[in-house]
Amino acid sequence: MKQRTITAIVGALIFLPLIILGGWPFKIFVYLIASIGILELIRMKKISRYSIPSILTLLLMWALMFPFGQIFGIEEDVVTKSELTLVAVLLLLSYTVLVKNRFTFDDAGFLLISAIYVGMGFHYLMETRDSGLEYIFYALFVIWATDTGAYLFGRSFGKHKLWPKISPKKTVEGAVGGIVLACIVALAFQLFYPVHSSTIVVLIVTVVVSFFGQIGDLVESAFKRHYAVKDSGSILPGHGGVLDRFDSLIFILPVLHFINFIS
């Protein structure tokens, strides 16, 4: 517990100032943690991080994270992210033939989904910061409140298992409690730092975000259970890996942009 607390404090002292600072220091940091996150998934799949498919996956993820207007200085009407993804698909599928199926179709699919999942999630982390500090702190507070509410309500009132085969400790009561506390925190946040002109809209969006945040957490739990690992990594003592800490956040930030809540 002490180790977990120390890691959380140190992480906050690094992460929060970078969020406030923004710009390239924040973007470089996000690229770094995203790269660690994708390597955690590659390790789960037991694919060598030094292999050609892993390097292609890392390059694709970096491209997906780049601002939509340009990709490595090339205008988007010349080459789009979907076209780069298609190139990666063709290269990975070609590689399955070149190595006579030692690298399989399933491996290629896993790497492509991983690059899109991690790359776009962290892309929207940077996009949200560029849209304004109030939006990224709103997202962080909602996620933190959801986690805290789920833990407290689950511990006090939890009787019905939410999804025992994936996350045995999570309960329906905890999930509802997480949404309730997220709404309370979002209302308080809206009073001091409005993120929308309508409080009703903020509440509705908060329910959606809190729900998908918990789905994101369950997705990561499903990965770990499927690949029989306790944590996605060990870079954060007491917490696990990058994806263990950012799983909910990179799941909900695309949702916030898809519903046009963030300008």
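I take helices and strands here as DSSP runs, numbered from the N terminus.

**Entry 1: overall layout.** I opened a predicted model. I counted nine helices and four strands in the protein. Reading along the sequence, I noted the pattern α-α-α-β-β-α-α-α-β-β-α-α-α. I then looked up the radius of gyration, which is 19 Å; the globule rule gives 18 Å for 263 residues, so the protein is as compact as a globular protein of that length. Along the principal axes, I recorded a C-alpha trace spanning about 55 × 40 × 30 Å.

**Entry 2: burial and contacts.** What share of the 263 residues counts as buried? I found 46%. I also considered the contacts between residues at least 6 apart in sequence; 68% of these join residues at least 24 apart.

**Entry 3: residue K27.** I located K27 in helix α2, which covers residues 23-44.

**Entry 4: helices α5 and α9.** I turned next to a pair of helices. Two packed helices are described by the angle between their axes and the distance between the axes. For helix α5 (residues 105-131) and helix α9 (residues 242-258), I noted axes that come within 8 Å and cross at roughly 65 degrees. Angles of 65 to 115 degrees count as roughly perpendicular, and α5 and α9 are therefore described in that way. I recorded the crossing of α5 past α9 as left-handed. On the α5 side, the residues making the contact include Y117, F122, L125 and S131; on the α9 side, they include V242, F246, F251 and F258. I sorted the residues of this contact into 15 nonpolar, four polar and two charged.

**Entry 5: residue F251.** I followed one residue of that contact further. F251 is found in helix α9.

How values were computed: Residues numbered from 1 in each chain as written. Predicted model: local features only at pLDDT ≥ 70, side-chain atom pairs only at ≥ 80, totals over all residues. Heavy atoms only, no water. Helix = DSSP H or I, 4+ residues; strand = E, 2+ residues; numbered from the N terminus. Axes fitted to C-alpha atoms, helices over the stretch in contact; angles between N-to-C directions. Parallel < 35°, antiparallel > 145°, perpendicular 65-115°, else oblique. Left-handed = near helix turned anticlockwise from the far one by under 90°. Contact = heavy atoms within 4.5 Å. Nonpolar A, V, L, I, M, F, W, Y, C, P; charged D, E, K, R; others polar. Rg over C-alpha atoms; globule rule 2.2 N^0.38 Å. Buried < 20%, exposed > 50% of the residue type's maximum accessible area, 1.4 Å probe, protein only.
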